[in-house]
Amino acid sequence: MLGRVADMTAGLGVDEMAALVERILVRRKHELDLLVPWETVKAFKPNAIELTSNGADFAVASVHDALHLDEIWLMRDVLDTQIVDIAGQRLARVADVVLAHRPNRRLELVGVEVGFGAVLRRLGLGKVASRARGDVVAWTDLHLTSERGHAVQLATPRSAIHLLDVRGLAALIARLDIEAATEVLAAKGPDLAAEVIRASHPAVGERILRAMSGAPSALRDRHFLRSRVWPRRRHALREPGP
């Protein structure tokens with residue numbers, strides 16, 4: 001046995017139509033980890049993966065530094081993390097990752113399962129899980145809240161976030177933490193960000209604008225943002241006393 005599969009990566013910007021499994025992380029005792037390209041996989045079985053080589057050429061000192069710009073870890077960045085289900089406009093936690101075989105022997109990341117049934121299967125309660133309702137979110141309908149997942153999806157033009165209109169973006173930032181929400185708006189530019197904030201709940205818009213105190217002035221200092229998101233607070237002016 002060469003080692004144990006610890007994780008897989010998916011590339012979000014390689015294929016125009018799908019997110020594909022790109023590499024496999026193999027942990028070895030007392031040796032460097034291997035980050036093996038999917039092209040070297042000879043057979044993919046439920047309990048083992050056979051390679052066409054011993055993988056020695058793919059040893060890496062740091063698996064995280066070896067990632068491509070468009071790669072994410074399926075376990076670290078997706079499994080058990082929160083997502084925003086854009087279509088259902090809800091926050092959910094990923095219980096399992098849904099993969100599908102393609103005709104060319106590649107594995108495609110098609111979505112995630114957020115239902116309790118997936119949790120039961122991971123606990124070895126398959127019979128009980130079969131009675132639970134499946135709840136799968138398509139990959140094209142979700143945004144990751146994990147640090148790397150969020151950043152890679154922002155940088156990948158075909159990710160779901162780049163297909164949202166103003167209302168969709170407003171619904172998304174309402175479910176993200178403030179830091180992530182401001183990153184989304186910064187990536188969209190000041191004009192679109194202004195429209196999204198105007199379409200957001202006033203409390204959400206105010207929190208985001210306050211968080212942008214260190215943001216570029218092109219967005220932060222636009223007068224119409226503040227004046228049209230929520231009413232200005234007016235204070236009565238009094239003449240100074242004697």
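Visitor: How many residues lie between S4 and S5 in the hairpin that they form?

Guide: Four residues lie between S4 and S5 in this hairpin. This is a predicted model, in which local features need pLDDT of at least 70 and side-chain atom pairs count only at pLDDT 80 or more, while totals for chains, interfaces and linings use all residues. Residues are numbered from 1 along each chain as its sequence is written, and side-chain values use heavy atoms, with hydrogens and water left out.

Strand S4 covers residues 41-44 and strand S5 residues 49-51, and the two pair in the antiparallel sense over three bridges; two strands pair if DSSP finds at least two bridges between them.

As to the setting, the protein chain contains nine helices and 13 strands. These elements are DSSP runs numbered from the N terminus, helices being H or I with at least four residues and strands E with at least two. Of its 242 residues, 43% count as buried, where buried means under 20% relative accessible area, exposed over 50% and partly exposed in between, with a 1.4 Å probe and protein chains only.

Elsewhere in the chain, helix H3 (residues 147-155) has Gly149, His150, Val152, Gln153 and Leu154 buried. These buried residues pack against strand S7 (71-73), strand S13 (142-144) and helix H5 (178-188), contact meaning heavy atoms within 4.5 Å.

Helix H5 also meets helix H7 (residues 202-211): their axes come within 10 Å and cross at roughly 80 degrees. That makes H5 roughly perpendicular to H7, a label that applies from 65 to 115 degrees, whereas angles under 35 count as roughly parallel, over 145 as roughly antiparallel and the rest as oblique. The axes are lines fitted to C-alpha atoms over the stretch in contact, and angles run from 0 to 180 degrees between N-to-C directions. On the H5 side, Ile178, Ala181, Thr182 and Leu185 meet Arg207, Ile208 and Ala211 of H7.

Finally, Ala170 is found in helix H4 (residues 166-173), and it counts as buried because its relative accessibility is 8%. Beyond residues up to four places away in sequence, Ala170 touches Val196, Ala199 and Ser200. Ala170 and Ala193 are 23 residues apart in sequence, with 9.4 Å from C-alpha to C-alpha.
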